[in-house]
Amino acid sequence: MSPALPVARKTHLDSLAVTLLVVCCAFWGFQQILIKFAVAEVPPLWQASLRFWGATLLLWLWCRARGVPLFQRDGTLKAGLLAGVLFAGEFAFIYLGLQLTSASRLTVFLYTSPFVVALLLPRVVPSETLRRVQWVGLTIAFAAVATAFSEGFTSASPVAGQWRGDAMALGAGILWGLTTLTIRASRLATTSAEKTLFYQVAVTALVAPLLSLALGEPWGWSYSGLAWGSIALQSVVGAFASYLAWMWMLRHYPATQISTFTFLTPVFALVFGVLLLGEPLTLKLVLALVGVALGIVLVSRR
């Protein structure tokens, strides 16, 4: 077998990367709305199972059509399975944590992920080290998100054991960061984006239904067109197209810089909540948008 071709990596984000990141983050924010539409009919982990089954099938068909090998021995199996387990664990923590804490608190803890990447990745990939101004930008972006969701910290929670939900949310953020670290610091960094993503969605497609069964969620197929439309968008655009774009960007751009853009996702979720669910547009939301934009500009500076 011939050795993998070296990947041409860039030292900064160009217009293509910025455009892809904004589009992906916008959909990931809209995805929260899609899940809300479907969760009344489809239990969370069963919904995740359907989503990742669909994504795994789509990715397999995509690779077959494009001639991308998925099962060829290339030394990525151990790292790929590790990335898949971390990815599945992240989603499990998110869904389980939402039962014990508010969505606002969970979102803030989840988006500690870029800090995990920024702290650990330079230890194995020295070129990913952030400069002081970039650390300032990272902190500003996180503070802006925390400000937007601060009501989740000041209001009393009716759910017992909230601290356990917070811990799960923090665990999900750490696992997200470790997934990025695994991809960038292993041979997955030089394999195809399709194969890297296949490890993650396929493992999650196996793990999610087992967790759903363990939690006693009812399974079914007789759902409304709205619920199936939501699951289809989550599968086709969310777990397939947008994640494939994300894996491609991790191979070609600095992971520490693109991770900072994920702070846009919860802000987009708030914006879509205002536009689609009639939630109020507050000063905190406006300040969050400004803060995230400023943080991203600082982190993305050459």
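**Figure 1. Overview of the predicted model and its contacts.** Contact means that heavy atoms of two residues lie within 4.5 Å. In this predicted model, among contacts between residues at least 6 apart in sequence, 89% join residues at least 24 apart. The secondary structure comes to 13 helices and 0 strands, and 54% of the 302 residues of the protein count as buried. The accessible surface comes to about 14000 Å², and 71% of this surface belongs to carbon and sulfur atoms.

**Figure 2. Confidence along the chain, with a view of residues 1-5.** The protein averages a pLDDT of 83, and 87% of the residues score at least 70. Over residues 1-5, however, the pLDDT is below 50, and this stretch has 5 contacts in the model beyond near neighbours in sequence. Where pLDDT is low, the predicted coordinates should not be read in detail.

**Figure 3. Ala26 in helix α1.** Ala26 has its place in helix α1, which covers residues 15-39. With a relative accessibility of 18%, Ala26 counts as buried, because buried means under 20% relative accessible area. When residues up to four places away in sequence are not counted, Ala26 touches Phe268 and Phe272. The C-alpha atom of Ala26 is separated by 9.0 Å from that of Pro266, although these two residues are 240 residues apart along the chain.

Figure 4. A disulfide is a covalent bond between the sulfur atoms of two cysteines. The sulfur of Cys24 has its closest cysteine sulfur in Cys25, but the separation of 6.9 Å is too far for a bond, because a disulfide is a pair of cysteine sulfur atoms within 2.5 Å.

**Figure 5. The largest nonpolar core and its surroundings.** In soluble globular proteins, nonpolar side chains tend to be buried together. In this model the largest nonpolar core has 66 residues, of which Phe52, Leu59, Tyr243, Trp246, Ile258, Phe263 and Val292 touch the most other members. Helix α10, which covers residues 225-252, supplies the largest share of this core, with 9 residues. Apart from this core lies another one, of 7 residues, and among them are Ala38, Trp46, Tyr223 and Ile231.

**Figure 6. Contacts around Ile258.** When residues up to four places away in sequence are left out, Ile258 touches Leu13, Leu21, Trp246, Met249, Leu250 and Tyr253. Ile258 and Trp246 are both among the residues of the largest nonpolar core that touch the most other members.

**Figure 7. Ser113 in helix α5.** Ser113 has its place in helix α5, which covers residues 113-124, and with a relative accessibility of 3% this serine counts as buried. The side chain of Ser113 reaches the backbone nitrogen of Gly177 at 3.3 Å. Leaving aside neighbours within four places in sequence, Ser113 is in contact with Gly173 and Trp176 as well as with Gly177.

Methods. Residues numbered from 1 in each chain as written. Predicted model: local features only at pLDDT ≥ 70, side-chain atom pairs only at ≥ 80, totals over all residues. Heavy atoms only, no water. Helix = DSSP H or I, 4+ residues; strand = E, 2+ residues; numbered from the N terminus. Buried < 20%, exposed > 50% of the residue type's maximum accessible area, 1.4 Å probe, protein only. Core = buried A, V, L, I, M, F, W, Y, C linked by side-chain atoms within 4.5 Å. Polar contact = N/O pair within 3.5 Å; in protein donor to acceptor, adjacent residues only side chain to side chain. pLDDT = per-residue confidence, 0-100. Areas by Shrake-Rupley, 256 points an atom, 1.4 Å probe, with all protein chains shown as cover.
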